[in-house]
Amino acid sequence: MTQEGQVTPPPVMWAQRNSVLFVTICLEDCANPTVKVEPEKLYFKGVGGTDMKVHEVTINFYKEIDATKTIQKSQGRSFEFVLTKKEEGPFWPRLTKENNKFHWLKSDFNKWKDEDDSEDEEAGGAAGGRDLEEMMRQMGGLTGAGDSKPNFDNLDLGDVDDEGDSDDESLPELINN
């Protein structure tokens, strides 16, 4: 619960790569927010949401970013930022300098990539650059466009009982006590 006069932070989602951070501030119907991107922090303030309240958040980054390379895009329901890390290298253990769990900050698993995933997988898209059809073909689960369809007419099923199915038998009557 918020106290009288206290401003509510908007929901924030984030993900990262070796050299960039993806930060999404989710606040619908927010026109003309105040946004300040600095090497150490991101500040956002705007009126929006279903209740048209003031939402404000300051994110103190774990390490510095290059604020001059910031890409910002408004999506109507959210504000997306691509922030370049000042030092490319290992993943940050968290987005914020503070080692706290914030209720408004979540991981964006749609954009998340593990640190040990290779860069060529990023460029190639799903399945490491191979499309699903090619992957299935290699696994033997899909025939190519020019290949003939499998013929099941000559399939040897071994000892198949043609006398009927066990489901065809009658069920015993239930006894009520």
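As the model is predicted, local features need pLDDT of at least 70 and side-chain atom pairs count only at pLDDT 80 or more, while totals for chains, interfaces and linings use all residues; side-chain values use heavy atoms, with hydrogens and water left out.

Strand 2 (residues 20-26) and strand 7 (residues 78-85) pair in the antiparallel sense over 7 bridges. Here strands are DSSP runs of E, at least two residues in length, numbered from the N terminus, and two of them pair if DSSP finds at least two bridges between them. Both strands belong to an open sheet of 5 strands in the order 6-7-2-1-8, with mixed pairing. Its edges are strand 6 (65-74) and strand 8 (105-107), each of which pairs on one side only. On average, neighbouring strands of the sheet are turned by 25° against each other, direction ignored, with axes taken as lines fitted to C-alpha atoms and angles running from 0 to 180 degrees between N-to-C directions.

Next comes the interior. Buried means under 20% relative accessible area, exposed over 50%, and partly exposed in between, with a 1.4 Å probe and protein chains only. Leaving aside neighbours within four places in sequence, L95 is in contact (heavy atoms within 4.5 Å) with W14, L21, V23, I59, N60, F61, Y62 and L105.

The structure also holds 4 aromatic pairs. Rings of Phe, Tyr and Trp (its six-membered ring) pair if their centres lie within 6.5 Å; planes under 30 degrees apart count as stacked, over 60 as edge-to-face and the rest as tilted. The rings of F44 and F79 are tilted because their planes stand at 50°, with centres 5.3 Å apart. F44 lies in strand 4 and F79 in strand 7, so this pair ties together parts 35 residues apart in sequence. Both F44 and F79 are buried. The rings of Y62 and W92, with centres 6.0 Å apart and planes at 45°, are therefore a tilted pair. Y62 is in the loop between strand 5 and strand 6 and W92 in the loop between strand 7 and strand 8, 30 residues apart. Y62 is partly exposed at a relative accessible area of 28%, whereas W92 is buried at 5%.

Note on methods: Residues numbered from 1 in each chain as written. Helix = DSSP H or I, 4+ residues; strand = E, 2+ residues; numbered from the N terminus.
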